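Here are a few exercises to work through with the model open beside you. Try each task before you read its solution.

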Amino acid sequence: MPVSLIVLAAGMGTRMNSELPKVLHCVAASPMLHHALNAGRSLEPSHIVVVTGHGAAAVAKSALAFDEAAQTVVQDPQLGTAHAVAQAAPLLANATGDAIVLYGDTPFIRPETLQSMIEARAQHAVVILGFEARDPGRYGRLVVKGDELQRIVEFKDATEAERKITLCNSGVICADVKTLFELVALIGNDNASGEYYLTDIVGLARAHGLSAGVVICDEAETLGVNTRAQLAEAEAAFQSRARAEALENGVTLTAPDTVFFGMDTYVGRDTIIGPNVFFGPGVTVESEAEIKAFCHLEGCHISRGASVGPFARLRPGAELAEDVHVGNFVEIKNSILDEGVKVGHLTYLGDAHIGEFTNIGAGTVTCNYDGVMKHKTTIGKRAFIGSDTMLVAPVTVGDDAMTGSGSVITENVPAGAIAIARARQANKPGLAIKFFEKLRAVKAAKAKGQ
Ligand code: UD1
Ligand code: MG
């Protein structure tokens with residue numbers, strides 16, 4: 001059955017004290033909005049609607065960056081969660097099946113939890129995700145009788161007795177998409193806040209003879225972020241889970257507390273990760289690779305047996321084939337390194353393709369940018385690039401070719417050739433000794449003069 005996703009992301013997030021809309025603040029190097037969309041992605045939604053408000057343009061751009069099929073709608077003014085959901089109705093007029101409502105500032109709902117909500121729909125017309133709160137605070141309370149959820153009461157509107165309930169509303173709900181919008185259209189704003197509460201849907205469903213039920217998840221999943229302190233807590237919670245999972249999956253972490261994973265980092269079995277390694281979005285590392293200390297990786301793929309670092313930076317589009325070696329102080333962007341390539345030290349490779357078993361000497365730079373456009377460097381198989389070679393792109397070096405150290409390569413190098421592009425050396429016999437004597441004399445004269 002198809003599933004539509006509605007992500008509420010209009011709120012201002014006043015307590016973040018930020019120019020940036022709250023849902024664009026990052027946890028594990030990805031905006032919170034992407035975490036919510038990522039959880040929903042596992043359901044292979046037929047439609048995705050993000051309800052925007054504060055910072056609508058930036059939030060819409062971020063939603064599209066995650067999934068170009070995402071639709072957005074602006075909610076202005078923001079009159080409550082039910083009003084927010086209602087904005088999605090025109091975009092989902094042709095949708096069938098279920099709809100799930102998520103919050104953009106609640107990044108940790110697990111895909112499995114959403115799946116159990118869909119399954120619980122076999123018993124109930126409306127399914128709410130609840131949790132047992134250690135400190136129920138101002139959460140909405142779930143009033144349950146037997147297997148049935150009777151209603152949700154917001155803290156502000158709750159009686160003393162209802163406030164004692166510890167089973168709370170996470171905000172995530174699931175219902176048939178048509179039923180959802182029919183019921184939401186009936187919700188009023190006669191309550192302590194004067195807002196249109198999505199939570200009223202439960203009482204309304206029952207009044208229409210429909211049943212409502214609860215799926216319970218761990219409180220950690222429902223962690224919402226309202227302040228920078230909570231953002232830091234969310235980061236810590238994410239990282240400690242990601243580290244534990246990596247260890248469980250057969251990855252060695254020499255100093256787990258110093259490794260920072262991204263939302264979608266994948267690391268294969270028997271890979272070793274040294275201390276102080278940072279993963280941005282979109283990194284995959286296959287099995288039996290090694291990432292040594294102090295590496296910064298984003299948007300890259302590292303194949304089996306490759307070794308990277310210490311102190312390497314792999315930027316988006318860095319593709320390392322099997323057994324590639326990337327050493328210290330090497331930066332690689334948008335470049336493919338075929339099997340067995342070695343780039344040991346102090347090098348920048350950008351917009352390049354390096355053929356298998358080629359060796360790139362220390363201090364090599366692909367001069368890929370002319371101030372206006374980027375250009376490509378292509379190096380063949382088994383080539384040897386001498387230390388301190390400047391490769392002024394666009395340029396091609398053939399298979400089995402060599403460049404002399406210190407060369408500035410501005411023309412293509414044919415296969416098998418050696419290119420030397422630097423001034424010829426001239427030795428002046430005895431000149432160094434004379435020069436030193438002269439310098440010492442100047443220094444002595446200066447000292448006398450003082
Ligand atoms: C809501 C629930 C409460 C639940 C709690 C869980 C309602 C009425 N209450 O309360 O039962 O325990 O979440 O965290 O639903 N939003 C919009 N447009 C609006 C209002 C809100 O997009 O007009 C978005 C916010 O950006 C946020 C989410 O909806 O992502 C929840 O809104 P918030 O104001 O935080 O609701 P709570 O009062 O916390
Ligand atoms: Mg809230």
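**Exercise 1: the ligand and its polar contacts**

Task: find which backbone atoms an oxygen atom of ligand 1 meets.

Solution. This is a predicted model, in which local features need pLDDT of at least 70, side-chain atom pairs count only at pLDDT 80 or more, and totals for chains, interfaces and linings use all residues. Residues are numbered from 1 along each chain as its sequence is written, chains are lettered from A and ligands numbered from 1 in written order, and side-chain values use heavy atoms, without hydrogens and water.

Step 1: start at Gly80, where a polar backbone atom lies 2.8 Å from a ligand oxygen (a polar contact here is a pair of N or O atoms within 3.5 Å).

Step 2: go on to Gly140, whose polar backbone atom is 2.9 Å from an oxygen of ligand 1.

Step 3: finish at Ala10, with a corresponding distance of 3.1 Å. Alone, ligand 1 exposes 750 Å², and the protein buries 77% of that (Shrake-Rupley areas, 1.4 Å probe).

**Exercise 2: strand partners**

Task: which strands pair with strand 25, and in what sense?

Solution. Strands are DSSP runs of E with at least two residues, numbered from the N terminus, and two strands pair if DSSP finds at least two bridges between them.

Step 1: strand 23 (residues 325–333) runs parallel to strand 25 (residues 342–350), with 7 bridges. Here Val330 has Thr347 of strand 25 as its bridge partner.

Step 2: strand 27 (residues 359–360) also pairs with strand 25 in the parallel sense, over 2 bridges. Val343 stands opposite Ile360 of strand 27.

Methods:
Polar contact = N/O pair within 3.5 Å; in protein donor to acceptor, adjacent residues only side chain to side chain. Helix = DSSP H or I, 4+ residues; strand = E, 2+ residues; numbered from the N terminus.
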